[in-house]
Amino acid sequence: MKSDPTKWRVRTLQLQRPEHVFFDGQVRPWEEAVLHVSTEAVVRGLNVFEGLKGHWQENGDFGWRTLERHYERMRRSARLLHIPVEFDYDAFRDACFAITAAELRPESDLYVRATLFVVEGHYGEGTVSDLVLTAYQQPQKAPQPIDVGTSTWRRSPDLSMPARIKTSTNYQIARLALLEGRGRGYDDMILLNQSGRVAEGIGACILLVRDGRVCSPPPSEGALESITLTIVAELAASLGIPFERRPIDRSELYIADELGLTGTLAEVTMISSIDDLQLSTDRPVLSALERRYRDALLGIDPHPAVEFAFVPV
Ligand code: PMP
C-alpha cells in the first residue's frame with residue numbers, strides 16, 4: 001500500500017502560494033504578512049485558529065459554511081489561552097469576505113485558515129493578537145476513500161493540552177502521527193487517548209457504524225468540539241439514523257461495519273482500511289449521510305443545520 005498525496009487535501013493545499021493574505025486589518029500582498037521572531041506567536045507557537053470552508057452552490061452563490069459557529073469556537077479557544085479577541089462576528093465575516101473577494105476563482109471552492117496570532121506580550125502580560133486569514137483553492141469534489149492507521153502517538157489529556165483548544169501547538173502530535181503514517185503507507189491517522197481509546201483523526205472526528213448506529217467519541221475522550229460532527233448528528237436525526245457520542249475502544253475500529261472521518265474539510269470521508277484490515281465497500285449508513293451532507297453543502301437540498309454566510313455579489 002502506498003499513500004496518495006493527492007488525498008491529503010488539507011496538507012497539499014498548504015503548499016499553495018496565494019497572492020494575498022488578510023493581515024493587520026486588511027488584504028495585503030502575501031509577502032507583507034511577516035511576524036517578528038520575538039513574538040509569542042513565533043517563540044511559543046501561540047495562536048488559535050479555525051479552518052473554514054466556502055462552497056459554490058448549485059445556483060451560483062458562494063457561501064461560507066457555519067461561519068458564526070467558527071467565530072464562536074475561536075473565541076472559546078482564545079479564552080482558554082487568555083488571548084484577547086478584539087473584533088466581533090461582523091468584523092470576522094467582513095475579513096473573510098475580503099480575502100474571498102481577493103482569492104475566489106470560479107472553478108474552485110476555498111479553504112480559509114483564520115489564525116489569531118499573539119503579536120505582542122509576554123506570558124500573559126500585554127497580550128495583543130492579530131487576525132490573519134490565508135485562503136487556499138480546493139477542488140469542487142467529494143473526498144475519496146482513504147486508508148488509515150492508528151498512531152503510536154497519543155492525544156494529550158485535557159490537563160496537559162486540552163483538545164478543545166484549537167491551537168497550532170496541539171497539531172505537533174498530528175504532524176508526528178502523519179510522518180509515522182506516511183512511512184507506513186497510510187493517507188491519514190487516528191489518535192488514541194491516554195487510556196488507549198479512540199480520540200479522533202488528526203484533523204477530523206471519527207464516525208463508526210455498528211448495527212446501523214453511528215457513534216463518535218465525546219470531547220472528553222480527546223476530540224475537538226467539531227462543528228461538522230454536530231451537523232452530521234442533525235442530518236442523521238432527519239434521516240432516522242441513530243447517532244450517539246460514546247467512548248470507543250480501539251478493538252471496535254476493527255469490527256466496525258463502516259468507518260469514516262468527518263470535519264469541515266474531510267466532509268464525510270470513507271475509510272477503506274484501518275491498520276491494513278480492509279473494510280466492506282458496502283457503506284449504506286455513511287453513504288446516506290455523505291449524500292445528504294453534500295446535497296446540503298451545494299444547496300441542492302438545503303438543511304437548517306448547514307447554514308451559510310453568502311458572499312455579497
Ligand atoms: N478534530 C481535529 C483535530 C480537527 O483539526 C478538526 C478540523 N477542524 C476536526 C476534528 C473537525 O472539526 P470541524 O468539524 O469543526 O472542522
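Two exercises with solutions follow.

The model is predicted: local features need pLDDT of at least 70, side-chain atom pairs count only at pLDDT 80 or more, and totals for chains, interfaces and linings use all residues. Residues are numbered from 1 along each chain as its sequence is written, and side-chain values use heavy atoms, without hydrogens and water.

**Exercise 1.** Determine where histidine 70 lies and whether this residue is buried or exposed.

*Solution.* 
Step 1. Histidine 70 belongs to helix α3, residues 67-80 (helices are DSSP runs of H or I, at least four residues, and strands are runs of E, at least two, numbered from the N terminus).
Step 2. Histidine 70 is buried, because its relative accessibility is 0% (buried means under 20% relative accessible area, exposed over 50%, partly exposed in between, with a 1.4 Å probe and protein chains only).
Step 3. The buried residues of α3 include Leu67, His70 and Tyr71.

**Exercise 2.** Examine the salt bridge between arginine 184 and aspartate 275.

*Solution.* 
Step 1. The N to O distance in this salt bridge is 4.0 Å (the definition requires a side-chain nitrogen of Lys or Arg within 4 Å of a carboxyl oxygen of Asp or Glu).
Step 2. Arginine 184 lies in the loop between α5 and β8, and aspartate 275 in the loop between β14 and β15, so the pair ties together parts 91 residues apart in sequence.
Step 3. Arginine 184 is partly exposed at 36% relative accessibility, whereas aspartate 275 is buried at 18%.
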